[in-house]
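Subject: Structure handover

Hello,

Here is the structure for you to look over. My notes follow below.

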Amino acid sequence: MLKRFLSAAAFAALSISAASAGDRPAGKVTVVFDHALPNVPGKSMKGVLVEYGPGGGSPAHTHPKSAFIYATVLEGAIRSSVNGSPEKVYHVGENFYEDPGSHHEVSANASDTEPARLLAVFVVDTDEKEITTPIKE
């Protein structure tokens, strides 16, 4: 199942997300899996493939207050800071999580020359439609 899920993520068609802060190239975000959890009424699992080109990133953002997120780096290296923590670089195979209600201040490719990809798995209220909301400055 996981192998099939990751294969689907790798070959999924991509959509363009909102422009990045600081004139960074925008990332691409694709929902590659969305399924209600049969043993947890009202909750779903959503897999989201995030791809950043060289120097790419996302603006500071939040996710739904119901969302617990587990992310794994699939390619390259990702720079991240959540809830005011110091920026950290995660490499292929490394992972991090975001508790419900977290503020994701930095999410960016750590390289200006190589692409980077991560798979974020959300456990979220089934009725949530918007999974990312930019933080207004």
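Phe-96 is buried, at 9% relative accessibility. Buried stands for under 20% relative accessible area, exposed for over 50%, and partly exposed for what lies in between (1.4 Å probe, protein chains only). Tyr-90 is buried too, with a relative accessible area of 13%.

Before you read on: this is a predicted model, in which local features need pLDDT of at least 70, side-chain atom pairs count only at pLDDT 80 or more, and totals for chains, interfaces and linings use all residues. Residues are numbered from 1 along each chain as its sequence is written, and side-chain values use heavy atoms, with hydrogens and water left out.

Aromatic pairs

The whole structure was searched, and two aromatic pairs turned up. Rings of Phe, Tyr and Trp (its six-membered ring) pair if their centres lie within 6.5 Å; planes under 30 degrees apart count as stacked, over 60 as edge-to-face and the rest as tilted.

Phe-68 and Tyr-97 make a stacked pair. Their centres are 6.0 Å apart, with 20° between the planes. Phe-68 sits in strand S5 (residues 68-75) and Tyr-97 in strand S8 (residues 95-98), so this pair ties together parts that are 29 residues apart in sequence. Tyr-97 is exposed, at a relative accessible area of 52%. Phe-68 is partly exposed, at 34%.

The pair of Tyr-90 and Phe-96 is tilted, because the planes stand at 40° with the ring centres 4.8 Å apart.

Surface

Phe-68 and Tyr-97 come up again here. Together with Tyr-70 they make a nonpolar surface patch of about 320 Å². Patches take residues with over 30% relative accessible area and no salt bridge; like charges are joined within 9 Å, nonpolar side chains (Val, Leu, Ile, Met, Phe, Trp, Tyr) within 5 Å. In total the protein exposes about 7700 Å², and carbon and sulfur atoms supply 58% of that. Accessible areas come from the Shrake-Rupley method with a 1.4 Å probe; for residues, only the protein chains shown count as cover.

Overall build

The protein has one helix and 11 strands. Helices (H or I, at least four residues) and strands (E, at least two) are DSSP runs, numbered from the N terminus. The order from the N terminus is α-β-β-β-β-β-β-β-β-β-β-β. The protein has 137 residues, of which 39% count as buried. Among contacts with a separation of 6 or more, 67% join residues 24 or more positions apart. Contact means heavy atoms within 4.5 Å.

Core

The largest nonpolar core has 16 residues. Such a core is a set of buried Ala, Val, Leu, Ile, Met, Phe, Trp, Tyr and Cys residues joined through side-chain atoms within 4.5 Å. Val-48, Ile-78, Leu-118, Ala-120 and Phe-122 have the most contacts inside it. Strands S2 (43-52), S5 and S10 (116-125) are the elements that give two or more residues to this core. S10 gives the largest share, five residues.

What does Val-48 touch, leaving aside its neighbours within four places in sequence? Its contacts are Val-29, Thr-30, Val-31, Val-32, Leu-118, Leu-119, Ala-120, Phe-122 and Ile-131.

Salt bridges

The search of the whole structure finds five salt bridges. The criterion is a side-chain nitrogen of Lys or Arg within 4 Å of a carboxyl oxygen of Asp or Glu.

Start with Lys-46 and Asp-34. Their closest N and O atoms are 3.7 Å apart. Lys-46 lies in strand S2 and Asp-34 in strand S1 (residues 28-36), so the bridge ties together parts that are 12 residues apart in sequence. Lys-46 is buried, at 6% relative accessibility. Asp-34 is partly exposed, at 49%.

Next, Glu-51 and Arg-117 meet in a salt bridge at 4.0 Å, N to O. This pair links distant parts of the chain: Glu-51 in strand S2 and Arg-117 in strand S10 are 66 residues apart. Glu-51 counts as buried at 19% relative accessibility. Arg-117 is buried as well, at 17%. Glu-51 and Arg-117 also belong to a network of salt bridges with Glu-75.

Last, Glu-87 and Arg-79. The closest N and O atoms of this salt bridge are 2.9 Å apart. Glu-87 is partly exposed, with a relative accessible area of 46%. Arg-79 is partly exposed too, at 23%.

Best wishes
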